[in-house]
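Have a look at the sequence and the structure first.

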Amino acid sequence: MIGGNSTMNYDHLIIGAGSAGAVLAARLSEDPQKSILLIEAGPDFTSIDALPPEIKYAWFYDSSGNLGVKTDSYNWGFMGKATDEAPNIEVPRGKIIGGSSSTNAQGFIRGIPEDFDEWVSLGNDTWTYKNVLKYYKKLETDLDIKDEFHGSTGPIIARRFKKSEWTNISQDFYNSCISLGFTDSIDINNPESTGVGALPFNNPDRIRWSTSIGYLNDIRDRKNLTILSNCHAKKILFKDSVAIGAECEIEGTDYIFESKNVILSAGAICSPQLLMLSGIGPSDHLANFGIETLYNSPSVGKNLRDHPRIPLVWNSINQIELQKNQSPMQVVLRYTSKNSSFRNDIYIIVGAVSTDQTVRMGVGLYKAISAGSINLNTDDPYSQPVINYNYFSDDFDLKRTREAVRVSCEIASDTEFINVDGYPVGMSADILFDDHALDLWMKTNVDTFHHISGTCKMGSFDDTSSVVDQFGKVHGLSNIRVVDASIMPDCIRANTNATVIMMAEKIADDIKNGY
Ligand SMILES: Cc1cc2nc3c(=O)[nH]c(=O)nc-3n(C[C@H](O)[C@H](O)[C@H](O)COP(=O)(O)OP(=O)(O)OC[C@H]3O[C@@H](n4cnc5c(N)ncnc54)[C@H](O)[C@@H]3O)c2cc1C
């Protein structure tokens, strides 16, 4: 029983039970000699049956007819700034066991080899594609594809919708893309893949297969693993420059948990915030909030990477009728922009929404150059930090996204796309074909694909833009790591969940191997 103020000394204290934290807890507790404490700010649900329906199942619609990719409950409910022109945007993040893997849209895509070539070139030589492929395979059970690139015994189950299950909108989108010359992609997770095809989803039988389900549910009875929910970490504690635990709050009472090692897995918003609240960050910024600097790490919270999303909406000509529980999203297109050296830098997903009879496309820039930041707003650990995406500050980002919006409109106006006609809502020829006008339209309408990452970048000690080394160890300090989306040097050209899980699998092995 845990009492107030002080507790037993663990081998590993993991803060945040999300895509990364749950995996680390599961893998590190495989060694019965190691004691693990996993703490999570949100609630715990210990079996699939205990999950609230909106967490258990995919494809809920909210009252405004939006696709069910977020849940209003179990959400940190942050707000962020996208551009100077856009109204503040919603930044949902899962606050529940499983973290954002318990609330996300379940698109299950891997980064491509070039992403990891770049990580290696930035001083992270254990992150070769060959090495990460091992962990991508380890984490999955792919129900459809059995080959050298896929796993069949991993904790996360992935599947694709067969063509016979596609909506008429998915079919139209696919046919248009093929008619416009894009490649047919049989397996989007094949390293060479590009073009249009069925998106893999980690939702067998429509169950959102989170890291909580995949990694924790079967091992909860391990004697060396303690999971504490509704437990908010406020500060990491240090003796000199050595991490020794964390100060946390449960239902209004403060506790100190001591541990030989602290692993921060609170996600790309809360991990840099917690580091800064604990005195690790740019010293001038910390001083503004009266926080004493423990270690001046100027890049904490910098290098915010993400995939800006332009939402396009068409009113459907024909009735959209989804069968009960049919997924509104099934098919995606990836291609390389004109004159871009970044392969697969554009991602377009199509959706059919029956509640308001609309066809929607999310147009995403997968390899944005513009970077944003996380800064403190106050020293209050319950108050959200300032999230500034700084989208489209780079002209190349604007140019490629403009082209992608025009490609999307071309796909929709192709004769194969029989269910829509004309321009998206709020768009006209005057806007679409005028660079200036389209830039302004995009800057005003942009929101996020929810792939925030990079805010505690990994790299070598000499690289002052980095915060942690390639094993997640925080530069300049001992016994503390960050392992979550925040340590990606750049956001991979894929939705981020599968890659965060892969990263946690790899670093769990690194820890076991003494790194
Ligand atoms: C709405 C939405 C849709 C998405 N759709 C997709 C998709 O379709 N495909 C895809 O691949 N990716 C998707 N993503 C992104 C993906 O889910 C995330 O990149 C990934 O889950 C991030 O993992 P993480 O471990 O870094 O953080 P999280 O999974 O967010 O985990 C962080 C955990 O830390 C906890 N925490 C934070 N602060 C504290 C604190 N102070 N004390 C204690 N606990 C704390 C949080 O509650 C959370 O459980 C989506 C994300 C969202 C929000």
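This is a predicted model: local features need pLDDT of at least 70, side-chain atom pairs count only at pLDDT 80 or more; totals for chains, interfaces and linings use all residues.

**Two domains**

The protein is split into domain 1 and domain 2, and the chain passes between them several times: domain 1 is made of residues 1–52 + 93–160 + 209–298 + 453–515, while domain 2 is made of 53–92 + 161–208 + 304–448. If you take the C-alpha centres of domain 1 and domain 2, they lie 27 Å apart. Their contact draws on 49 residues from domain 1 and 46 residues from domain 2.

Which elements of domain 1 each supply at least two residues of the side that touches domain 2? They are α3 (113–121), β6 (156–158), β9 (231–239) and α7 (267–277). Helix α7 has the largest share of that side, with five residues. Sort the residues on this side of domain 1 by class and you get 25 nonpolar, 14 polar and ten charged.

**Around the ligand**

Now for the ligand. There are 42 residues around it, and the ones that come nearest are Gly16, Gly18, Gly99, Asn495 and Asn497. Two or more residues of this shell come from each of β9, α7 and α12. Helix α7 turns up again here, as it gives the most to the shell, with four residues. By class, the shell around the ligand has 16 nonpolar, 21 polar and five charged residues.

Where does the ligand sit relative to domain 1 and domain 2? Both domains give residues to the shell around the ligand, so it lies between them.

**Helix pairs**

| Helix pair | Packing angle | Distance between axes |
|---|---|---|
| α1 (residues 21–28) and α12 (residues 497–512) | about 35 degrees | 9 Å |
| α9 (residues 395–413) and α11 (residues 435–445) | about 95 degrees | 10 Å |
| α4 (residues 129–139) and α12 | about 105 degrees | 9 Å |

Start with α1 and α12, whose crossing is right-handed. On the α1 side you find Val23, Leu24, Arg27 and Leu28, and they meet Ile501, Ala504, Glu505, Ala508 and Ile511 in α12. Seven residues of this contact are nonpolar, none are polar and two are charged.

Helix α12 also packs with α4, at an angle of about 105 degrees. That angle makes α4 roughly perpendicular to α12. Here α4 brings Val132, Tyr135, Tyr136, Lys138 and Leu139, and α12 brings Ala498, Ile501, Met502, Glu505 and Lys506. So what classes do the residues in the contact of α4 with α12 fall into? There are seven nonpolar, no polar and three charged residues.

The remaining pair is α9 and α11, which pack at about 95 degrees. That makes α9 roughly perpendicular to α11. Leu398, Thr401, Arg402 and Val405 are the α9 residues in this contact, and they meet Asp435, Leu438, Asp439 and Met442 in α11. Four residues of the contact are nonpolar, one is polar and three are charged.

Technical notes:
Residues are numbered from 1 along each chain as its sequence is written. Axes are lines fitted to C-alpha atoms, for helices over the stretch in contact, and angles run from 0 to 180 degrees between N-to-C directions. A crossing is left-handed if the near helix is turned anticlockwise from the far one by less than a right angle, and right-handed if clockwise. Two residues are in contact if their C-beta atoms, placed from the backbone, lie within 7 Å. Ala, Val, Leu, Ile, Met, Phe, Trp, Tyr, Cys and Pro count as nonpolar, Asp, Glu, Lys and Arg as charged, and the others, Gly among them, as polar. Angles under 35 degrees count as roughly parallel, over 145 as roughly antiparallel, 65 to 115 as roughly perpendicular and the rest as oblique. Domain bounds come from an automatic or database domain assignment. A residue is near a molecule or strand if its C-beta atom, placed from the backbone, lies within 6 Å of it.
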